[in-house]
Amino acid sequence: MKSLPLRLLGAMMLLSHHAIGEALPEPEKTIPNAVKALSAPSLAGVPESIATAVSTASESAQSHVKCGLSHLHFGWEFEACRHFAAAIREDPECLLAHWGMVMALLEPTPETFANRNAAAERMMSLIESGIGTPLERDYAYALLKHLAEGPLASADAFRKIVGHFPNDMQAGVLTALFTRSGYDIMGEPTPDQEFAEKMLRDWMYKTPGNPVPLNALLIVRAEAPKLDDTLPYARALCATHPDYAPFQYLLGHYEWRCGNHEEALDAFTKAASLFEKWMQENKITLADCPEWLDAMNYRIVTLNSMGRRQEAFEEALKLSETPLPADRPSSPGIQTFWWETKTLPARLALDSGIIPNSIPREKLLPTASFTKALMKQTLAHWWINGLRITLEAHRQIEAGEIDQARNTINALTQHGEMMTNSQKIAAESGERSEWNRAFRALELLTAEARGRLAFAGPKDGRNLAYNWFNAACDRQTQTPMMKPPMVLTPMAGQLGEYFIACDQPSEAVEAFEKALAVFPNDSRLLERLRSARNKQSKPATPASDPAKQTDR
């Protein structure tokens, strides 16, 4: 490829707000400030995986690019960014170093948007100057297609690379990653998902022992309905590379999804310890290590699943008091803190069904006045306030304040409707994924709250409770992005409780079994399932209350 098509060139100019004829950004402009403040990263510690040649006269730049590519494939973008920065400083004309920097910043935050665009502009200029091998230039072109036209266009471009370079493993893996499209509502893989999984399995066969296609398969299958058949791969990956933090986190996710809570707890504990050690050794704060918070959050959720609920709640409270760097409000770590960590105590309280009176409300969630001030930093205030309204609705229902609870739940519905107005802002602020997860979670919590309200109200209206609980159940799917669930309450379990209260143990058994498919081996669900089966085995008694007969 000798030059960029005019259509793609124009799209890139609009994307970067850079006009033809303006001076090209200096190499340092491609490097985020958080990375500039650090020394060059160690070349040790990352599993060797990439054998591709790198067009550069600098041996150091080549080593850093290869390390960066490995970290990139394994999902550690910040560490990858550090290596690509080191390579760009060693060789400002290294095309693959710029490509890697753009990839590491592909979903930029306000802190890194300008750096991503500067790297893309320089990459485009290097292509036009004929820098790099044909394969490297094709890589760069495919990435520019992603920036200008989206992931489907990029997937097509990488497919063409595979056609021209059939032995290039990295192109095959990237094709699969850009092509995958997940699972349908029945839990079946879409055609593109099947294509991606088959391609990765083929590369695993062609390159035995290479962690790149293996890790990629584990990532694309992480949201599958069942992971038991893939779990051995995650265990093998960690057995071979036990000191690599992202692999331990990946294993923890798989173990939790398979209901192996002791093993999950061990993996998340190791992951958190390894990330913490990395932060200490490199003088890095949690602003640039959201992975540590993710591991700690998931560890606490695992304790909750094991039945160690008080311990989980106490650890969540402690973690939510973690000091934050004051000068990095839009960093990935701080955003993770507000969306995930600071809300964890409240989410655990909602799951337990008990709002502890002994715990000040400001311990469960930031105060309303603090949250108002938080609006300038993050869109997480929508999630925080939504949880605050939900907690109040639950309290009112438990207290028998039915009319007040109805008004509160109506306010929760209105809150969700208002939240939709911030969707575009979420994409611009680098919070799109968090926003989407929280919005779906609030829809689910609203449906559950209405079910609770209907069941607590007059008996002749209880049939509505089934409809609301069932709606909440349908909305609860496998959590994306290998994150712990935003809503920790198994909604099918709520449906089971409804059937128990209606003296329908067979339906309750079915509901609890469905809940266990999403929250495998959850201690409370297992206990409730045993109770429902015991009731199922006893002779049925005629129901005297017509309101307890569900219209399914």
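This is a predicted model: local features need pLDDT of at least 70, side-chain atom pairs count only at pLDDT 80 or more; totals for chains, interfaces and linings use all residues.
A residue counts as buried when its relative accessible area is under 20%. Valine 487, at 8% relative accessibility, is therefore buried.

**Around valine 487**
- Valine 487 sits in the loop that runs between helix H25 (463-475) and helix H26 (491-501).
- Leaving aside residues up to four places away in sequence, valine 487 is in contact with Ala441, Leu444, Leu445, Gln476 and Phe519.
- Aspartate 351 is 136 residues from valine 487 along the chain, yet their C-alpha atoms are separated by 7.9 Å.

**Aromatic pairs**
- A pair of aromatic rings is described by how far apart the centres are and by the angle of the planes.
- The structure has 23 aromatic pairs.
- One of them is the stacked pair of phenylalanine 158 and phenylalanine 178, with 5.4 Å centre to centre and 10° between the planes.
- This pair joins distant parts of the chain, 20 residues apart: phenylalanine 158 belongs to helix H8 (residues 151-164) and phenylalanine 178 to helix H9 (residues 169-179).
- Phenylalanine 158 is buried, with a relative accessible area of 0%, and phenylalanine 178 is also buried, at 13% relative accessibility.
- Ring pairs also connect Phe74, Trp76, Phe78, Tyr244, Phe247, Phe275 and Trp278 into a cluster.

**Charged residues over rings**
- Over the face of tryptophan 203 you will find lysine 206, at 4.4 Å from the ring centre.
- Tryptophan 468 has arginine 450 over its face, at 5.8 Å from the ring centre.

Definitions and conventions. Residues are numbered from 1 along each chain as its sequence is written. Side-chain values use heavy atoms; hydrogens and water are left out. Rings of Phe, Tyr and Trp (its six-membered ring) pair if their centres lie within 6.5 Å; planes under 30 degrees apart count as stacked, over 60 as edge-to-face and the rest as tilted. Helices (H or I, at least four residues) and strands (E, at least two) are DSSP runs, numbered from the N terminus. Buried means under 20% relative accessible area, exposed over 50%, partly exposed in between (1.4 Å probe, protein chains only). A charge sits over a ring if NZ of Lys or CZ of Arg is within 6 Å of the ring centre and within 35 degrees of the ring normal. Contact means heavy atoms within 4.5 Å.
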